[in-house]
Amino acid sequence: MELVLTRRWKATRSTLGTLKVDGEPHQFILEDLDRSLDASWPLEKIKETKVYGQTAIPTGRYQVVITYSARFKRQLPILIGVPGYSGIRIHPGNRHNNTEGCLLPGTHYGREDGQYIVMQSRIASDRLQNRIAAALARGEQVWVTVERQY
């Protein structure tokens with residue numbers, strides 16, 4: 001399964017993108033501010049540019065698996081091999097201060113205090129996780145490509 005997250009809109013502290021699943025439009029994704037990190041950069045450059053808990057992950061391609069999250073006390077998708085980051089999950093949340101680098105799905109989006117928000121995040125997150133779980137159960141690998149297109 002191939003997921004493509006395309007970052008399309010930026011505010012001062014949030015980034016909103018669209019997600020395609022196997023080429024088909026699926027939902028919106030909310031992230032922290034995109035500070036233009038790229039997975040091809042040296043790790044030191046990523047660490048120098050990153051603001052902890054306030055920076056979207058680097059653009060790049062990452063494997064996605066589902067593991068138990070001690071923080072959320074449930075199985076959740078996690079991105080593997082994100083340089084300069086650990087524990088990057090796909091989970092419900094509505095505002096940029098819920099992300100800490102993670103990807104927050106939503107069926108709709110809006111603005112609040114000048115920042116992007118997503119709505120119906122639990123529904124969108126569960127829907128996406130079910131598709132990922134089904135692909136993994138079929139023996140497929142799941143990958144997400146993060147790109148920007150402002």
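Start at the largest pocket: its lining splits into five nonpolar, five polar and four charged residues. (Nonpolar here means Ala, Val, Leu, Ile, Met, Phe, Trp, Tyr, Cys and Pro; charged means Asp, Glu, Lys and Arg; the others, Gly among them, are polar.) The pocket has a volume of about 220 Å³. Now select Tyr52, Ser86, Gly87, Ile88 and Glu100: of the 14 lining residues, these are the closest to the pocket's centre.

A word on terms. Everything is worked out on a 1 Å grid over the protein atoms alone: a cavity is a set of points where a 1.4 Å probe fits but cannot get out, a pocket is an open set with protein on both sides within 12 Å along at least five of seven lines, and lining residues have an atom within 4 Å of a point. Grid points are joined across faces, edges and corners, and a volume is the space filled by probe spheres set on the points.

One more caution: this is a predicted model, where local features need pLDDT of at least 70 and side-chain atom pairs count only at pLDDT 80 or more, while totals for chains, interfaces and linings use all residues. Residues are numbered from 1 along each chain as its sequence is written, and side-chain values use heavy atoms, with hydrogens and water left out.

Select Leu3, Leu5, Leu19, Ile29, Ile90, Leu103, Leu128 and Val144 to see what lines the largest cavity. That lining is made up of eight nonpolar residues, with no polar and no charged ones.

Zoom out and switch to cartoon. Follow the chain from the N terminus and the elements run β-β-β-α-β-β-β-β-β-α-β. The radius of gyration is 14 Å, close to the 15 Å that the globule rule gives for 150 residues, so the protein is as compact as a globular protein of that length. (That radius is taken over C-alpha atoms, and the rule is 2.2 Å times the number of residues to the power 0.38.) Along its principal axes, the C-alpha trace spans about 40 × 35 × 30 Å. Buried residues make up 47% of the 150; buried means under 20% relative accessible area, exposed over 50%, and partly exposed in between, with a 1.4 Å probe and protein chains only.

Now for two loops. Pick aspartate 22, between β2 (14-21) and β3 (24-32): its phi is positive, about 50°, although it is not a glycine. Aspartate 22 is partly exposed, at 46% relative accessible area. Then jump to lysine 73, in the loop between β4 (60-69) and β5 (74-80). Lysine 73 is not a glycine either, yet has a positive phi of about 60°, and it counts as exposed at 61% relative accessibility.

Last, select glycine 110 in strand β7 (residues 108-112). Buried or exposed? Glycine 110 is buried, with a relative accessible area of 15%. Leaving aside neighbours within four places in sequence, glycine 110 is in contact (heavy atoms within 4.5 Å) with Gln115, Tyr116, Ile117 and Met119. To finish, draw a distance from its C-alpha to that of threonine 49, 61 residues apart along the chain: the separation is 28 Å.

Key. Helices (H or I, at least four residues) and strands (E, at least two) are DSSP runs, numbered from the N terminus.
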